[in-house]
Amino acid sequence: MAGVTRIVCLFVPGADPRVQPALLEIALRHSPSVEDGGPGIVYLDLGGLERLWGGEGEIARRLHSAASERGAAARVGVAGSRAGARFAARAGDDITIVPPGRDARWLGPAPLALLGLGPEMAARLDRWGIRTLGELADLPASGLAERLGGEGPRLQRLARGEDATPLRLWTPPPVFEESTDCPWGVEALEPLGDLVAGLAEMLCARLRRHELSADAFEWTCRLADRTVHEGDCAPAAPLADPAAAAALLRASLAARPPGAAVEAITLRARPVRVGNIQPRLDEPPRPSPRLLTATLARLSALVDAPGIGSPVLVDSHRPDAHQMTPFRLPSPRPSPPTGEGGRSSPNENRTPLPPLGRG
């Protein structure tokens, strides 16, 4: 149906957050236009897919079958808008298809919560006695615009299933991983450290191109005796400096060397985005992440690596009970508001990205 927007909602009630990557993977196998709608909800644009996968019913059955194979009790809804497809998916049947042009009638009994209203707007409409999308759709458009401004007509269009906003396209997060094969086998730590340093240099170059830093490194070694040696290490602060990363990885491998010759090694970095925050004049200068990481790497080579970190008291009857946690640079204190309209500095200077992929 050319020119008609058709949206699919893949919905898993009460989904565990770990199910979301599987749903997104299933959706991307069927459509290049995919939106992450939150835990257990994924939207797909059906535009142009009929020739590839068949009609709407066939596509819905394929999605439902693929989710079932991954152990997810999914429901599939098809309609002309996100709200219509989501409500159809929540209707209770495994597959529900709303005919084109029938979204407004289908959405009539749906609760206002389907629009994701803010607390203030939800309370205001509740005071007016508006409980369903149909009641909102039936209000006079001019009066709604007078009382709610441009937001009123927008919400009314959504309540009628008129949503021209394109999907917010989701793309898989980049996997920062480098590998190398060593068919001859590497037994000594020094050449193994050189290989890891080369992988770290390539990873750090990729991180810098994306304006990211590494919050942790993980490695997997395939050994000559057909076993696998795995390990990880975390720098004192996120970094993208190859020299500091190589020093940390060399020290970590020296503290936990593989038990046989290494035939292949894979190095992964867990990326984070570090905000640029100007130091406060009333704070002591912060140590260089590169120098601090290099120092801790040298200490880890001299003593047991788990002994390096910050001691934290443990809830115990013993007064000396404690455990070591990885060392982290302190985050700068937030600045106070600068008056009306002023903004405070964020409490955290790191914005975590999606979990490290292994695929």
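The model is predicted. Keep that in mind with every value below.

**A histidine in helix α3**

Start with His64. This residue lies in helix α3, which spans residues 56-69. Is His64 buried or exposed? His64 has a relative accessible area of 19%. Buried means under 20%, so His64 counts as buried.

Which residues touch His64, leaving aside its neighbours within four places in sequence? The contacts are Ala74, Val76, Asp94 and Ile95. Take Ile95 as a case. In sequence, 31 residues separate His64 and Ile95. In space, their C-alpha atoms are 7.8 Å apart.

**Helix α9 and its buried side**

Now move to helix α9, residues 151-159. Its buried residues are Gly152, Leu155, Gln156, Leu158 and Ala159. They cover an arc of only 160° around the axis, so they sit on the same side of α9. An α-helix has 3.6 residues a turn, so residues three or four places apart point the same way.

What do the buried residues of α9 pack against? Their partners are five helices, listed here with residue ranges: α4 (82-89), α5 (103-107), α6 (119-127), α7 (133-137) and α8 (141-148). After α9 comes Gly161. The phi angle of Gly161 is positive, near 80°.

**Salt bridges**

How many salt bridges are there? The count comes to 14.

| Arginine | Aspartate | Distance, N to O |
|---|---|---|
| Arg131 | Asp126 | 3.2 Å |
| Arg250 | Asp194 | 2.9 Å |
| Arg270 | Asp215 | 3.2 Å |

Take the pair Arg131 and Asp126, whose side chains meet in a salt bridge. Arg131 is partly exposed, at 44% relative accessibility. Asp126 is partly exposed too, at 39%.

Next come Arg250 and Asp194, joined by a salt bridge of 2.9 Å, N to O. This pair links distant parts of the chain. Arg250 belongs to helix α11 (residues 242-255), while Asp194 belongs to helix α10 (residues 189-209). The two are 56 residues apart. Arg250 has a relative accessible area of 34% and is partly exposed. Asp194, at 42%, is partly exposed.

Then look at Arg270 and Asp215, which also form a salt bridge. Here the link runs between strands: Arg270 is in β9 (residues 262-274) and Asp215 is in β7 (residues 213-223). These partners are 55 residues apart, and they link distant parts of the chain. Are the two partners buried or partly exposed? Arg270 counts as partly exposed, at 32% relative accessibility. Asp215 counts as buried because its value is 10%, and the cut-off for buried is under 20%.

Salt bridges can also share partners. One network of this kind joins Glu35, Arg82, Asp163 and Arg168.

Definitions and conventions: Residues numbered from 1 in each chain as written. Predicted model: local features only at pLDDT ≥ 70, side-chain atom pairs only at ≥ 80, totals over all residues. Heavy atoms only, no water. Helix = DSSP H or I, 4+ residues; strand = E, 2+ residues; numbered from the N terminus. Buried < 20%, exposed > 50% of the residue type's maximum accessible area, 1.4 Å probe, protein only. Contact = heavy atoms within 4.5 Å. Arc of directions from axis to C-beta. Salt bridge = Lys/Arg side-chain N within 4 Å of Asp/Glu carboxyl O.
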